[in-house]
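Please keep the sequence and the structure in view while reading.

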Amino acid sequence: MEEKLPNPNGELIETEISMGTVHPAALEPYRVRFFVEDEIIQEAEITIGVNHRGVERIMEGLPVEKANALTEKICGICSNSHTWNSVLTAEKGLNIDIPKRANYIRVIMGELERLHSHLLYLAHGNEVLGHETFSMRIFYIRETVMDLLHMIGGNRVQYGVSIIGGVRPRCELNEMRIQKIQSGLDQLENDINKFAERFTADPIVNSRIDGVGYLPPKQARKLAVTGPSLRACGFDYDIRTEMPQYDDFDFNVISLDTCDVKANLLMRVLESFESIKIIRQAIKNLPKGPIVDRTWEMTDCDFIQSYIEVPRGVCYHSYALEDGRIRGSVIRTPSMANIAAMQYAAIGNHITDGQLCIVQCDPCFTCTDRAFEIIEL
């Protein structure tokens, strides 16, 4: 911390506070510098890219099936989403129509992972707010989701569900698994409802999030903010409405217009109910038939690109295939756009003892060379 003490003329105390390379609220590789006048943030500077894993470079020349499995390592919170999108990229290039039952299982896994991510966000958000009871309660509720993910994929973090042509046979949903999913959804809906009632009624929590971290809609659009963070600024844009994988499902695109931390937290609560609604539809109308098509043939194809809506926003994967191997992989996660908004949302907030009440960006990095590209929606 660097300070400029007031001179005899009574000027304000100017302070620079560095947080990094790890932000106290999120174990991610970035550094933040806050420029403060009497505990009010006047400016913020974000430095990203201090950690580089080079996933895109590692994928270069790998057989596509092995590369798809590698994408699970990009993020521990949305590992299923990265594999799903990487597999979709190959299926588009090879013109593979997967069985309808396989698509339903992929959607179920995608929405379970969205629940997992949103509940984790709420838990860490309450931890930053200083409400440990709410934080621990959400972690307890989240265990129901983790049990369902483990049941289907065989793991709590990396599930390996999607493969080219469908889903792995071990991820088939039999009657016993369907009943457990239904029971888990009932429990989740009840628990999240109870939490939401307490959360929205707590005056201490509301005093720390209402009007805090305001991100103007125009600035959010300019920075290509995506996902719930964009929808918390009044934009009802969700790429699931454009994904053919969701054509059979009815759900609402949630958006709020207060553009603050409260909106970001409430977005995760409200979207959780929509995810539960989608999963209920999927298990009720689960088509019969195979879950994988192995009749496809590997061919060369030029660069293919695929966009899907992951828990934090739009995720982009692109590569070409040559002799069954990856060429020119490009991956862009939503966090690289969302985190840029943090320096704007932080301005005007109070900061005391190195703690900042802001949970706007919800970062989760792929840490790749091209991940720093920001593309307008």
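How many bridges join strand 8 (residues 301-310) to strand 9 (residues 313-322), and do these strands run parallel or antiparallel? The model is a predicted one, and in it strand 8 and strand 9 run antiparallel, joined by 8 bridges. Two of these pairings can be found by residue: Cys301 has Leu321 of strand 9 as its bridge partner, and Ile304 has Tyr319 of strand 9. Between the two strands the chain passes through a hairpin of 2 residues.

Strand 9 also pairs with strand 10 (325-332). This pair is antiparallel too and is held by 6 bridges. Here the bridge partner of Tyr316 is Arg332 in strand 10. Strand 9 and strand 10 form a hairpin with 2 residues between them, and Asp323 in that turn has a positive phi of about 55°.

The table sets out the two pairings.

| Strands | Bridges | Direction | Residues in the hairpin |
|---|---|---|---|
| strand 8 and strand 9 | 8 bridges | antiparallel | 2 residues |
| strand 9 and strand 10 | 6 bridges | antiparallel | 2 residues |

Taken together, the strands make an open sheet of 3 strands in the order 8-9-10. Strand 8 and strand 10 are the edge strands, since each pairs on one side only. From one strand to the next, the twist averages 15°.

Which helix packs on this sheet? Helix 3 does, and it touches strand 8, strand 9 and strand 10. The direction of helix 3 makes about 145° with that of strand 8.

Helix 3 (79-93) also meets helix 4 (100-129). The axes of the two helices come within 9 Å and cross at roughly 145°, and the crossing is left-handed. On the side of helix 3, the contact is made by Ser79, Asn80, Ser81, Trp84, Val87, Leu88 and Glu91. On the side of helix 4, Arg106, Val107, Met109, Gly110 and Glu113 take part. By class, this contact has 5 nonpolar, 4 polar and 3 charged residues.

Rolling a probe the size of a water molecule over the atoms shows where empty space is left. The second largest pocket has a volume of about 300 Å³. It is lined by 16 residues, and those closest to its centre are Leu88, Ile98, Asn103, Pro244 and Gln245. Helix 3 and helix 4 are the elements that give two or more residues to this lining. How does the lining divide by class? There are 6 nonpolar, 3 polar and 7 charged residues in it.

Notes:
Residues numbered from 1 in each chain as written. Predicted model: local features only at pLDDT ≥ 70, side-chain atom pairs only at ≥ 80, totals over all residues. Heavy atoms only, no water. 1 Å grid on protein atoms, 1.4 Å probe; cavity = no way out; pocket = protein on both sides within 12 Å on 5 of 7 lines; lining within 4 Å. Points joined across faces, edges and corners; volume = space filled by probe spheres on them. Helix = DSSP H or I, 4+ residues; strand = E, 2+ residues; numbered from the N terminus. Nonpolar A, V, L, I, M, F, W, Y, C, P; charged D, E, K, R; others polar. Pairing = 2+ DSSP bridges. Axes fitted to C-alpha atoms, helices over the stretch in contact; angles between N-to-C directions. Left-handed = near helix turned anticlockwise from the far one by under 90°. Contact = heavy atoms within 4.5 Å.
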